[in-house]
Amino acid sequence: MQDGTGGPATCLARWAIGSLNRLVPKRRKAVLAGFPDVEDSMLEIARHLLDRGDIAVVILTRDELPRPVRDRLPVTWRRTRSLRGLYHYLTARFVFFTHGLYLSPRPPRSQTCVNVWHGMPIKRIGHLLGRTPPPSTFVLATSEMFQGLVARCFGMAKGEVLITGLPRNDVLVRAARRSGEIKGAIGLANGGKPPRLITWLPTYRQAVRGVIRTDGVASRSIFGMDDIDMADFEAFLAANDCVCIVKAHPMAAEYASAASADAVRIWKDRDLLDRGTTLYELVGASDMLITDASSVYVDFMLVNKPVVIAFPDLEEYRQTRGFAVDPVEDFFAGPVATSFTELKAAISEALLADPYETARAGVTRSFHMHADDRATARLLDTVIGARGRPPAI
């Protein structure tokens, strides 16, 4: 997300790249760039494009990925900061990104640029936060409610916000059907019945890149709860046959790792790669989600499993970052825990009774027009067209 237009040098570079992009002829090629590099929406779009077989596929990455990772998809992999990466961007007929690309000049008519972004806005983003989103031809939404909200956040007409659903949610829905297999792949089965998997996805309070600001209250802990007792939490989870994987946000500060602990494990993106899985495979295989203002909450409604809202600084967050949907409590289909004691009570209740199932059904109807695993197919049929047929727009 851009913050303003940058200094004179940045503006000049953006103008130069935009001018080149208008002049360079386009090939039937799609360039994909996500953050983090192995991002579920981009991988899912790449898989669908490969199945079509009529469009060349290039994935741009910030870092050099290990060969086993690259070998999973037979596409062209290039570094974003390279002349070859820029060449592919300038010659691509289709561009899909999550956070902008090459200073984000306005796309020419010859290039369809889709901002896949990374989820529906629970917290304020874009124009609601005084920031300038990267220009694109289209951006995505999951429902009519979010279509209007996304249009305001990105400064676009509602007709430019496509209600296709998010490609990463195709991964989520499929992963929920094969949760046992995924638990085994990440080492939870141990030859027997796997434990119940709780995934905790806290969002950041202070970004380590881009605009540095504090949202809510900065914590000394990755959990956002300074009163958490790790030994107590370990014992509580073990007694309930649970493992909690805490996935660090890629924009968050570094915290001490508890990866050696048995029932509480703190992972980064590389830990997922090393186990041959992705974030949304992990989330889809989970029996429960713990989160706060993360857009993963919206997505998790699709699998109809319990959610705990761990939000000790809810009021401070409302006063600093603010919510795109407010009062946000109207859309919480799970208990709000503001302390470690409340967190344990909320988890216990969800494991025993799951009293929020009816509430989740109502929230899901507001959040999602489609509850299937065909978001990517809808997106590509809309902007590229079914093979041999023109696009739907």
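**View 1. Thr91 and the residues it touches.** In this predicted model, Thr91 is in contact with Val24, Pro25, Lys26, Arg27 and Lys29, leaving aside its neighbours within four places in sequence. Contact here means heavy atoms within 4.5 Å. Thr91 sits in helix H4; helices (H or I, at least four residues) and strands (E, at least two) are DSSP runs, numbered from the N terminus. Thr91 counts as buried, at 5% relative accessibility. Buried means under 20% relative accessible area, exposed over 50%, and partly exposed in between, with a 1.4 Å probe and protein chains only.

**View 2. His88, another residue of H4.** Helix H4 covers residues 83-91, and His88 lies in this helix. Is His88 buried or exposed? His88 counts as buried, with 11% relative accessibility. Not counting residues up to four places away in sequence, His88 touches Lys29, Val31, Val58, Thr76 and Arg78. Pro108 is 20 residues from His88 along the chain, and their C-alpha atoms are separated by 15 Å.

**View 3. Thr278 in a loop.** Look for Thr278 in the loop between helix H9 (269-274) and helix H10 (279-285). Thr278 is buried, with a relative accessible area of 11%. Setting aside neighbours within four places in sequence, Thr278 has contacts with Asp40, Leu43, Val171 and Leu272.

**View 4. Helix H15 and what packs around it.** H15 runs over residues 375-383 and is mostly covered, with eight of its nine residues buried. Among the buried ones are Ala375, Arg378, Leu380 and Val383. What do the buried residues of H15 pack against? They pack against helices H2 (40-52) and H6 (167-177), plus strands S4 (92-97), S5 (112-115), S6 (138-141) and S7 (161-163). Just after H15, Gly385 takes a positive phi of about 105°.

**View 5. Helices H8 and H13.** The axes of H8 (residues 230-239) and H13 (residues 340-352) come within 12 Å and cross at roughly 5°. That makes H8 roughly parallel to H13. Axes are lines fitted to C-alpha atoms, for helices over the stretch in contact, and angles run from 0 to 180 degrees between N-to-C directions. Angles under 35 degrees count as roughly parallel, over 145 as roughly antiparallel, 65 to 115 as roughly perpendicular and the rest as oblique. Asp232, Phe233 and Phe236 in H8 meet Phe340, Leu343, Lys344, Ile347 and Ser348 in H13.

**Notes.** Residues are numbered from 1 along each chain as its sequence is written, and side-chain values use heavy atoms, leaving out hydrogens and water. Because the model is predicted, local features need pLDDT of at least 70 and side-chain atom pairs count only at pLDDT 80 or more, while totals for chains, interfaces and linings use all residues.
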